[in-house]
Amino acid sequence: MRASVLRDGRMVYRDDVPDPVPGPGQVLVAVRSCGICGSDLHFAAHGAEVLALTAQMTRGGGGMGVDLDRDIFMGHEFSAEILEAGPDTETYPAGTLVTSLPVLLSDKGVEPIVYSNTTIGGYAERMLLSAPLLIPIPNGLDLKHAALTEPMAVGLHAVNKSNIQPGETALVIGCGPIGIAIIAALRRSGVETIVAADFSPKRRELATAMGAHQVLDPAQGSPFDTAKPAVVFEAVGVPGIINDVLSRARPGTRLVVAGVCMQPDTMHPFFAIAKEINVQFVLAYTPEEFADSLRAIAEGETDVSPLITGEVGLDGVGAAFDDLGDPERHCKILVTP
Ligand SMILES: [Zn+2]
């Protein structure tokens, strides 16, 4: 079958990938749409560092078990159609449209569908999913919109972790896909003052479309002078940004770090100590948040269509990875196998 794989830091088109065979508890699905995530771009560019940090964190406990010298499958934001179930597997009938947490259960254990030499992700014609984790896509929902369940759940989780109340002002720094998902979740949770900051005019426009009440260009002055936020969401993920927030934020601020910075970073604890700033790092979502995210999209509470700025086939994934570097042109590119 056809797929796009990571090889030597580039996405490469292949038409000779063996079809995966579902085991017990698994289902074979045809991928209908798969979003390209910033973390995939990051892994393509800095895979060795990601693996080294993971190995360090697990204290030699195996890390992610990914070999960069072999082809790597990626793609974790997908919608799909059920083709067939594995042996002794009860699931929805063939033809059912589904999405799922990007996790594959097998006799080897629990494997995230994120970066793997063996477990195929959404940048492929077909992949395996776990029967117990499937969520049917509500009738009539655009499969491209359903593919955005996962990234929108990331924003919802960040907002839930912040414990923000409707009367509190939120400042979202960085309006890439994660910042945008946070803005949408803030809007849905009834927060009355959502301020968003980004250097890109296009991204500020998108932030407004997704629910920000006010947008600011950091080049025109610090957003903290205008916004006076109670809760700050950092969705940039570059060295120095956390220290900058700590130095500018008001006493008692809650800072939610959703940006994924993979380099070492420095900060002065003094800023956070002096102002008793609460810092919360966040990752991913709960299964409930994932399901809630799909429901919000399906019921029209969140319109994700402004996020989608491009569509490519499996042979266009490499070029799409390059194109996503330009915030003026792109937010989310979907792959349609
Ligand atoms: Zn992602």
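**The zinc site and beyond**

Q: Which protein donors does the zinc ion have?
A: In this predicted model, the zinc ion has Cys-37 (SG) and His-76 (NE2) as its protein donors, at 2.1 to 2.3 Å.

Q: Where in the chain are Cys-37 and His-76?
A: The pair links distant parts of the chain, 39 residues apart. Cys-37 belongs to the loop between E3 and helix H1 (38–57), and His-76 to the loop between H1 and E4.

Q: Is Cys-37 buried or exposed?
A: Cys-37 is buried, and His-76 is buried as well.

Q: OK, strands now. How do E3 and E4 pair?
A: Strand E3 (residues 26–35) pairs with strand E4 (residues 77–85) in the antiparallel sense, over eight bridges. Within this pairing, Leu-28 is opposite Glu-84 in E4.

Q: And how many bridges join E4 to E5?
A: Two bridges join E4 to strand E5 (residues 97–100), and these strands run antiparallel. Leu-97 in E5 is the bridge partner of Glu-81.

Q: New topic: where is Phe-290?
A: Phe-290 is in helix H9 (residues 287–298).

Q: Why is Phe-290 called buried?
A: Phe-290 is called buried because its relative accessible area is 1%, and the cut-off for buried is under 20%.

Q: What is Phe-290 in contact with, neighbours within four places in sequence aside?
A: Its contacts include Thr-99, Ser-100, Leu-101, Ile-135 and Tyr-285. The C-alpha atoms of Phe-290 and Leu-101 are separated by 7.3 Å, although the two residues are 189 residues apart along the chain.

Conventions:
Residues numbered from 1 in each chain as written. Predicted model: local features only at pLDDT ≥ 70, side-chain atom pairs only at ≥ 80, totals over all residues. Heavy atoms only, no water. Pairing = 2+ DSSP bridges. Helix = DSSP H or I, 4+ residues; strand = E, 2+ residues; numbered from the N terminus. Buried < 20%, exposed > 50% of the residue type's maximum accessible area, 1.4 Å probe, protein only. Contact = heavy atoms within 4.5 Å. Donors = N, O, S within 2.8 Å, 3.2 Å for Na, K, Ca; no water.
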